[in-house]
Amino acid sequence: MLNDLAYAWRNALRKPVISLLIIVTLALGIGTNAAMFSVAYRVLFAPLPFADGERLVILEQKGAATADITWQPATLDDFRAQTTVFDKLLGYVQLEYALHGHGEPYFATVGIVNDDYFGELGIRPVLGRGFAPEDDEPGAAPVMLLGNELWRTQFGADAEVIGTNLEMEGSAYTVIGVLPPLPAWPRTNAVWITWAGDRIMSNSEFLNQRSDISSGIIRSVIGKLKQGVALAAAQQEVDGVAKALQERWPE
């Protein structure tokens, strides 16, 4: 082996330009291959970095004119009541509101979820507490969780942020916790609130509306399959429920 290495080294020194070209080509090829594998693994094969990530699925409604239709809260309630293959169906809403109360006002992306959202995904705040069932009851005092990036950039990672009041859409929200860094799934948000804490999602008239499919506001529905349920079985049941709902509410 030593003789082979010495021979290779002497040849490389005799033709440095060609040797350099070969080395660069190999390096680029190896680097590109490694990068492609990393991307393919993260997108296609790696499990979601949540509790029971292999059991999480996204439910989408398909329309004649569009690939993905937003959900009405009443439709989500129907799927919760009429499916048996899920431990949980979690609704996710994203809106943008102006946030006041700490420095200059700024527009923040707001994730609006039910109280059990983070618990089902196995996400625990790094500071304070998460949402509790009473935070999502009608008339509950508005509370808020800060995203990790906002906490660091706007609040300087201040541990005393818990208990701070921030104003949004004319309501005062109490900061009860700070979330850890999260992947952008379904999307990235600066702050998180409960359905009961949002003026739209807490409107009973809106929650029961079925008249117009374009009125849907829920951007993503996340299903957590029951232990041992196959994806094909879940798809079959969901298709059956969707067909029945379409026949009952053709509009």
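Student: Is L26 buried or exposed?
Tutor: This is a predicted model. In it L26 is exposed, with a relative accessible area of 52%.

Student: Where does L26 lie?
Tutor: L26 lies in helix α2, residues 16–45.

Student: And which residues form the nonpolar patch on the surface?
Tutor: The patch is formed by I18, I22, L26 and I30. Together these residues have about 410 Å² of accessible area.

Student: Why would residues in a helix point the same way?
Tutor: An α-helix has 3.6 residues a turn, so residues three or four places apart point the same way.

Student: Switching to aromatics. How many aromatic pairs are there?
Tutor: The count is 7 aromatic pairs. One of them joins Y92 and W192: the ring centres are 5.9 Å apart and the planes are at 55°.

Student: Why is that pair called tilted?
Tutor: Planes under 30 degrees apart count as stacked and those over 60 as edge-to-face. The planes of Y92 and W192 are at 55°, so the pair is tilted.

Student: What does the Y92 and W192 pair tie together?
Tutor: Y92 is in strand β2 (residues 86–100) and W192 is in strand β8 (residues 191–194), so the pair ties together parts that are 100 residues apart in sequence.

Student: Are those two buried or exposed?
Tutor: Y92 is buried, with a relative accessible area of 0%. W192 is buried too, at 4%.

Student: What about Y117 and F118?
Tutor: Y117 and F118 form an edge-to-face pair, 5.1 Å centre to centre with 90° between the planes. Both residues are buried.

Student: Which residues do ring pairs link into a cluster?
Tutor: The cluster contains Y92, Y117, F118, F131 and W192.

Student: Now the largest nonpolar core. Which members touch the most others?
Tutor: That core has 41 residues, and L59, L99, M144, L146, M168, V191 and I218 touch the most other members. Strand β2 gives the most to this core, with 6 residues.

Student: What is L99 in contact with?
Tutor: Leaving aside neighbours within four places in sequence, L99 contacts P105, Y106, A108, M144, L150, L166, E167, M168 and V191.

Student: What does the second core include?
Tutor: The second core is separate and has 16 residues, including L56, I123, L179 and I222.

Student: Last one, helix α3. Which residues are buried, and what do they pack against?
Tutor: In α3 (residues 73–82) the buried residues are P73, A74, T75, L76, D78 and F79. The buried residues of α3 pack against β1 (56–59), β2, α6 (204–207), β9 (220–225) and α7 (231–248).

How values were computed:
Residues are numbered from 1 along each chain as its sequence is written. This is a predicted model: local features need pLDDT of at least 70, side-chain atom pairs count only at pLDDT 80 or more; totals for chains, interfaces and linings use all residues. Side-chain values use heavy atoms; hydrogens and water are left out. Rings of Phe, Tyr and Trp (its six-membered ring) pair if their centres lie within 6.5 Å; planes under 30 degrees apart count as stacked, over 60 as edge-to-face and the rest as tilted. Helices (H or I, at least four residues) and strands (E, at least two) are DSSP runs, numbered from the N terminus. Buried means under 20% relative accessible area, exposed over 50%, partly exposed in between (1.4 Å probe, protein chains only). Contact means heavy atoms within 4.5 Å. Patches are made of residues with over 30% relative accessible area and no salt bridge: like charges are joined within 9 Å, nonpolar side chains (Val, Leu, Ile, Met, Phe, Trp, Tyr) within 5 Å. Accessible areas come from the Shrake-Rupley method with a 1.4 Å probe; for residues, only the protein chains shown count as cover. A salt bridge is a side-chain nitrogen of Lys or Arg within 4 Å of a carboxyl oxygen of Asp or Glu. A nonpolar core is a set of buried Ala, Val, Leu, Ile, Met, Phe, Trp, Tyr and Cys residues joined through side-chain atoms within 4.5 Å.
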